[in-house]
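Biologist: I would like a close look at a single part of this model, placed in the setting of its chain.

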Amino acid sequence: MAEIVPLTEAVRELVRDGDVVALEGFTHLIPHAAGHELIRQRRRDLTLVRMTPDVVYDQLIGMGCARKLIFSWGGNPGVGSLHRLRDAVEHDWPSPLELEEHSHAGMAAGYAAGAANFPFGLVRGYEGTDLAEQTRVGWVSCPFTGERVAAVPAIRPDVGIVHAQRADEAGNVQLWGISGVQKEVVLGSSRSIVTVEEIVPELEPRPDAVLLPAWTITAVSPAPGGAHPSYAHGYYDRDNAFYVAWDEIGRDRDRFRDWMQRHVLDTADVTEYRSLLAARETSPV
Amino acid sequence: MTVDAPTYTADELMAVTAARRLSDGAVCFVGIGLPSRAANLARATHAPNCVLIYESGAIGAKPRHLPLSIGDGELAETADAVVSVPEIFTYWLQGGWIDVGFLGAAQIDRHGNLNSTVIGDYDEPKVRLPGAGGAPEIASWCRETFVMLRQTPRTFVERLDFLTTVGHQAAGGGGAGVTCVVTDLGVLEPTPGTGELRLTELFPNVTADDARGATGWDLQVADDLETVSPPSAGELEALRALVPANEETVAP
């Protein structure tokens, strides 16, 4: 049953060094505040899982939190490279990063299998690619037709972390808009943290919203603005300028570390981080 | 008095060339950048019933501005429906409902195979690229796949550094694979029978030798090589009205 606790406490209690941690969000509701808390608490040797690692994974990798990355597309959407991810892979800075990579369809099948408690997911793909040689993929035969189908391991993280619009005081979570693989990651993880824009006395039912009942979640933590620079549908828009500015910040090791020191390590939480950014409103740099 | 022909960029003609190939009502799986411009241009001009599907799960999106990411709120706001990511890749893509998929890449070979993973050796890469994303299954399962890619000897290569996406129809899926490559010099299409990409159309003021010089393999040229007509004033106006969302919001 979900406990409503501050994010600092949720991360301290639930995320351990060496864990397999998935912070999911497919361009929407990306749990930046939770990622920053992992960095503040100096988690190490994490295996990070995410279909689309973007800025917050660049930050986690550049700050030395990760040992391995399981992913399907690692870039700054619409902008270009993730320079910290590239530096880790190309030059082992700040430490070597092991990669396990899939296609989006492969990752999605792995998450769905994790949620469904299957040992593997199925994809009609990987055949003929070099990806098949580099990643964890196997082959099974259809028992009815003999057709060869690719199998990918189920994704069952130690900790699944997502951001959502709101929760009620009992810890039931409501999430809407582009929902990615958020439901799958929460249901498929041993422990879960959901950060939310707000906690309301009562959830109004919304057709088509994803509902994560309190009994599927370990901790719910308020983190208003916690998806920035991504967006929270119905609350705030994507900060496209930030993604563009990140290209410059992330490109240089010293500038990156300085930015992380001032904006993450020297701030106590998402509220301080947001006020610092707001104070520099002409530029996120 | 003569009227000067409108001036345009190679990117604009690439978007126009791809857009013209989309028929009204075509169901398109769209990525960000040039593909999104092309598909939205088609919807704004000759193909108002073109259906745009973004891999974030937005089905039937009708963005008023070009999105910067494939999951912008604008796409969810204007979509007929938003489904989860596992669903978009299984029921909709692998299920065979998509007519045209769009892809880019860092490298392409003569068979239309694509690399978006690494330049150099996989374990010691010179450049680590973003990776596969949706590309392998898009090329397998869309009825046709259009590739949009600037043409240079570094991108049009004899041998890929990494084969991320099988481009020819033997990909094992239900589609025809890569049926058209739109570059900044012209259009390449598979040769019937062999499947090898050959030059079938040239942009104005570009020669077949220019295209050969920008290709890392011995590029074959169709006998009936055609010239792409420049963008019409209407096409350019519609294209330029699709201002990317970020151009309004980027801080100086």
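What percentage of the contacts in chain A with a separation of 6 or more comes from residues 24 or more positions apart? Please then turn to helix H1 of chain A: which of its residues are buried, and what do they pack against?

Modeller: This is a predicted model, in which local features need pLDDT of at least 70 and side-chain atom pairs count only at pLDDT 80 or more, while totals for chains, interfaces and linings use all residues. Residues are numbered from 1 along each chain as its sequence is written, and chains are lettered from A and ligands numbered from 1 in the order in which they are written.

Residues 24 or more positions apart account for 75% of the contacts in chain A with a separation of 6 or more; a contact requires C-beta atoms, placed from the backbone, within 7 Å. Chain A holds 10 helices and 13 strands (DSSP runs, H or I of at least four residues and E of at least two, numbered from the N terminus). Of its 285 residues, 54% count as buried, meaning that 20 or more other C-beta atoms lie within 10 Å of the residue's own, again placed from the backbone.

Helix H1 of chain A spans residues 7-14, and A:Leu7, A:Ala10 and A:Val11 are buried there. Viewed down the axis of H1(A), these buried residues fall within an arc of 95 degrees, so they line one face of the helix; the arc is that of the directions from the helix axis to the C-beta atoms. In general, an α-helix has 3.6 residues a turn, so residues three or four places apart point the same way. The partners of the buried residues of H1(A) are helix H2 (32-40), strand S11 (191-200) and strand S13 (219-222) of chain A.

Terms used
A residue is buried if 20 or more other C-beta atoms lie within 10 Å of its own, exposed if 12 or fewer, and partly exposed in between; C-beta atoms are placed from the backbone. Two residues are in contact if their C-beta atoms, placed from the backbone, lie within 7 Å.
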